[in-house]
Amino acid sequence: MAGSRFVLEGRISIISFISGLGVIIIPLLVKFGSHIDWIFDYLTDVNGKIAIAVYITVINGFLLIIYKGPLYKVAVRACFLGFAFGCGLILSFADTTWTYFGWYMCSLSFFHYSEYLVTAMINPRSLSLDSFLLNHSVEYVVAAISSWIEFTVEQLLIPEIKQVNWLCLVGLVMVLCGDSLRKAAMLTAGSNFNHIVQNEKAQTHMLVTTGVYALFRHPSYVGWFYWSIGTQIMLCNPICILGYTFASWRFFRERIEEEEIFLIHFFGEDYVEYKKKVFTGLPFISGIRVNS
């Protein structure tokens, strides 16, 4: 049953993501034969905006006809993320000062889509619309919007600070490495991974200490932590770099302490010994204290 669910919903998400990604063919059609430098002109052109609106409307119509109920909700979210990824690619290859925001759009949309897809692969029983993490929390949404506002305001008022190429590349490396580490942690943990902290031990729940878990006790949090900060370094957002660092650090400190209470309850001395040997992976976060 779980395997068939992955086949169905995972396949739907892939098809829908690619459908949204198909937006990249529009500038090729509109500017057929033109150099790639013209792509940004297409995005700011009225006809281009109309073409995008028509494309999304048509794709959404097809999804609504093909999929019903919960499957449509999966499809439309995956399609939206594919569309955002496609727009990010267009900006990334355009001759514009918004290139790095295109990188950001690609990294953000792929992060959320891959969260759903990998969950479908490793733990389909826990799969839900929440697996996209699009509704993670109010604070998460506020943080994202704040970064968009900061980038836009600084881009308009002091655009030179948005063109520190080496810093943007550092951010890109952090984003790629952070997301790769998180997905490696999810794949290594397999069905033991869940986006929600578990307060009851399942029969199949095992303590994973191999792979990336031999390096860090909480590799998925380590990856997410550096991914989130990397997105702001990539955007050269000085205010959000500081804000994201503090907010992410505080969130994961509380999350790790909460989770380790249950892990010690589940696995007892085995987890205590593992805790002594392997550190969390996050700076100045040691996890829950255990009395000797």
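The following legends describe close-up views of a predicted model.

View 1. The domain assignment divides the chain into domain 1, residues 1-135, and domain 2, residues 137-291. Contact between the two parts involves 22 residues of domain 1 and 31 residues of domain 2. Taken over C-alpha atoms, the centres of domain 1 and domain 2 are 25 Å apart.

**View 2. The area buried between domain 1 and domain 2.** Together the two domains bury about 2400 Å², and 68% of this area lies on carbon and sulfur atoms. On the domain 1 side, Tyr-100, Tyr-104 and Ile-122 lose the most area to domain 2. These three residues together account for 28% of what the domain 1 side buries.

**View 3. Spans annotated as transmembrane regions.** An unreviewed UniProt entry places the feature "transmembrane region" at residues 12-30, 50-67, 74-94 and 224-247. In the model, residues 74-94 are 90% helix and 0% strand, and the end C-alpha atoms of this span lie 31 Å apart. Residues 224-247 are 88% helix and 0% strand, with 12 Å between the end C-alpha atoms.

View 4. Helix H9 comprises 16 residues, 219-234. From its first C-alpha to its last, H9 reaches 22 Å, close to the 22 Å expected at 1.5 Å a residue. The helix is mostly covered, with 15 of its 16 residues buried. Just after H9, Cys-236 adopts a positive phi of about 55 degrees. Cys-236 is itself buried, at a relative accessible area of 4%.

**View 5. The surroundings of Cys-236 and Cys-168.** A disulfide is a covalent bond between the sulfur atoms of two cysteines. The closest cysteine sulfur to that of Cys-236 belongs to Cys-168 and is 3.5 Å away. A disulfide is counted for a pair of cysteine sulfur atoms within 2.5 Å, and the sulfur atoms of Cys-236 and Cys-168 are therefore too far apart for a bond.

View 6. The structure holds zero disulfides. Cys-79 accordingly takes part in none, and its nearest cysteine sulfur, that of Cys-87, is 11 Å away. Is Cys-79 buried or exposed? Cys-79 counts as buried because its relative accessibility is 8%, and buried means under 20% relative accessible area.

Key
Residues are numbered from 1 along each chain as its sequence is written. This is a predicted model: local features need pLDDT of at least 70, side-chain atom pairs count only at pLDDT 80 or more; totals for chains, interfaces and linings use all residues. Side-chain values use heavy atoms; hydrogens and water are left out. UniProt positions are given in the numbering used here, feature names are shortened, and annotations may be inferred rather than shown by experiment. Helices (H or I, at least four residues) and strands (E, at least two) are DSSP runs, numbered from the N terminus. The expected span of a helix is 1.5 Å times one less than its number of residues. Buried means under 20% relative accessible area, exposed over 50%, partly exposed in between (1.4 Å probe, protein chains only). Domain bounds come from an automatic or database domain assignment. Contact means heavy atoms within 4.5 Å. Buried area is the accessible area (1.4 Å probe) that two parts lose on being put together, summed over both.
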